[in-house]
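Good morning, colleagues. Please turn to the sequence and the structure on the screen.

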2 protein chains.
Amino acid sequence: MRSRQLFTPGPTEVPWRVREKMAGPMIHHRTEEFRAIQRETIDDLREVMRTRNPVMLLACSGTGAMEAALVNLTKPGEKVLVTVLGKFSHRWKEIAEAYGLDVATVDARWGDPVRPEDLERALGAHPGVGVVFTTHAETSTGVLQDVESMARIAHAKGALIVVDGITSVCAEKLETDAWGLDVVVGSSQKGVMTPPGLAFLSLSDAARARMEGAGQPAYYFDLKRALASHEKGDSPWTPPIGLVMGLHEALKMIKEEGLESVIERHARNARAVRAAVRALDLEVFPSVPANCTTAIVIPDGHAEQIRKHLYDVYGIRIAGGQERLKGKIVRIGHLGHYFESDIFTVVSSFESTLLDMGLVAAGGRGVEALFREFHEM
Amino acid sequence: MRSRQLFTPGPTEVPWRVREKMAGPMIHHRTEEFRAIQRETIDDLREVMRTRNPVMLLACSGTGAMEAALVNLTKPGEKVLVTVLGKFSHRWKEIAEAYGLDVATVDARWGDPVRPEDLERALGAHPGVGVVFTTHAETSTGVLQDVESMARIAHAKGALIVVDGITSVCAEKLETDAWGLDVVVGSSQKGVMTPPGLAFLSLSDAARARMEGAGQPAYYFDLKRALASHEKGDSPWTPPIGLVMGLHEALKMIKEEGLESVIERHARNARAVRAAVRALDLEVFPSVPANCTTAIVIPDGHAEQIRKHLYDVYGIRIAGGQERLKGKIVRIGHLGHYFESDIFTVVSSFESTLLDMGLVAAGGRGVEALFREFHEM
């Protein structure tokens, strides 16, 4: 019996230190003890998000926090622009439509980013857009977008920019304040190595000002209420106490390693996996790959069979393609608590699977490339 | 250094079996392994809620599930009726107003339930009410309401009834189907002994039919989407995987003990605490007490001092009064995983606190009454 390991871009493996913390006795949330934990967690989130803006914790998945951002910043009928380049960036469009917004999109082929110049053209073609909703790393395709340039363009046109940073926080260089990102949304089960169920977002002064005059009906996701409550160290509803305690510990681990080192580890792991993929004569799917996951083109409909073999024989869970990419790609997640040796685990098992299935002739080229990349040979 | 213990009506103590399960390795939610856990969890919830209706899991606090029920069953401007008898029943009114409903209320003094005849009169005075929003056990006052009779009255007037069962599921007799409750809302950190962050609700056929023609804008809380996804064993968004695994284990424990035994244990613990309170010459606050918590009137402004002493000296956390009851009552929670010996822990510490503070003359009457009540002497 092998022990099993997740290499999926969310949920990600949760380090034992985090799980141990969450396994402690329950504490009450209306206490100084919990308020201190919440305050420190928020301060540490602000550090890793590189912002002095207030950050709010929300008891929901990342999608709930996306919705919270949208309903608090917009009015029904208002014109907004969404960049669509995969399943999760498309979700912005779905939420906006559910709330009766007038949604324009700027689209890229799945596998490519929306280029800043495309955004600029779209904003020119759609005057009156108040908010741009975009995505830093599109998890379904493994694509990274240049949200720094996008923010500059959006602001030049008088629009705010709301960024889904769900799979980029702690995995990519993400400078909320220096880049002027008005809202950044994140969630627990990604780079911050905690189980799912807790999301967070930051709000710039401009976003807070916009909230005053905007807003759809909201109660649970009313960010004004959350903000006022957080300012007193409190939360409007019962928070997911265990998950907050877990995130608190995970952020301590990230601070101990150092944010820059954590991001550089993600970049190095991602580069190494791409080197191995190419050494195996396979194609990396995205044209501009993110650090969260490596999407790999799998020819001849073998993708799901590879995933099944990897799990059944080697105990390794990787992700498949979603929607139009189903059966066409696999995605190796390396977001969160993964080190060199973990990358050898997943790549060696992946290469063994290809060999078992007769999809490569000779073995060892993938792990060799991995080794050489890690040693910069 | 004493170990500390929670006697609050949510969050409640989480049994080690549940915490141990949540401390295991993370699993992925888009797998047969997780789908089986989710299916069993939902089936077990249906058993403890005594319903054949579909039950949905939502990644949010109980308030989020209340909002989900309301936004899916109503239209802006529609007339609804809310029973208001404390902080949490008042929340129905706040949510309804946030969504632009025309809200009528039927109020009771905090400490009393709304009587079924009051509801009947109110429905007579407000024709055209489509949905009644009510509360089984009002946690802020410790009051139990007769939702069985209320359901009969609401249905006779052609209205649906939506019940906040957050502190009553697994603690009170609650017959969703036999009483005809159209929606029952629950959450994890209460009688089902799991950390906060996971809520659930059941939907009757009539509620589902109403959803077809009603509904406010919703995405994260779109129950049609949740229902369709659950029917395939799936969930629309990333679920709080660890909490679902915890709830799965907690419900196994409840089934092992037997639902009736669990509810009878709650009733016995509540009776015993009330007997002790009266033996200490103190007044039980609610006129119709629920099993979740015992609210005790504390004269002369000593309530917060008692709570502080109990925690600082004896390591016991109990709840205080909220809003208009702040400083006037304390609430001993006995909801969830509490057995006779735990009740001795909290009552003996409470009685010691009163003695330490010079608020009772002779010691031992409370624990004696407790002992006699448990032994039916």
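Predicted model: local features only at pLDDT ≥ 70, side-chain atom pairs only at ≥ 80, totals over all residues.

Residues are numbered from 1 along each chain as its sequence is written, and chains are lettered from A and ligands numbered from 1 in the order in which they are written.

The domain assignment, automatic or from a database, divides chain A into domain 1 (5-10 + 258-374) and domain 2 (16-256). Their C-alpha centres are 28 Å apart. To their contact (C-beta atoms, placed from the backbone, within 7 Å), domain 1 of chain A contributes 25 residues and domain 2 of chain A 24 residues. On the domain 1 side, helix 11 of chain A gives the most, with four residues; helices here are DSSP runs of H or I, at least four residues, numbered from the N terminus.

Between chains, 42 residues of chain A are in contact with 42 residues of chain B. Helix 1 (16-22), helix 3 (62-73), helix 4 (87-98) and helix 10 (241-257) of chain A each give two or more residues to the chain A side.

Finally, helix 14 (residues 365-374) of chain A has G366(A), A369(A) and L370(A) buried, that is, with 20 or more other C-beta atoms, placed from the backbone, within 10 Å of their own. These buried residues fall within an arc of 105° seen down the axis, so they line one face of the helix; the arc is taken over directions from the helix axis to the C-beta atoms. Their cover includes helix 11 (259-279) and helix 13 (340-356) of chain A.

Technical notes: Buried ≥ 20, exposed ≤ 12 C-beta atoms within 10 Å, placed from the backbone. Contact = placed C-beta atoms within 7 Å.
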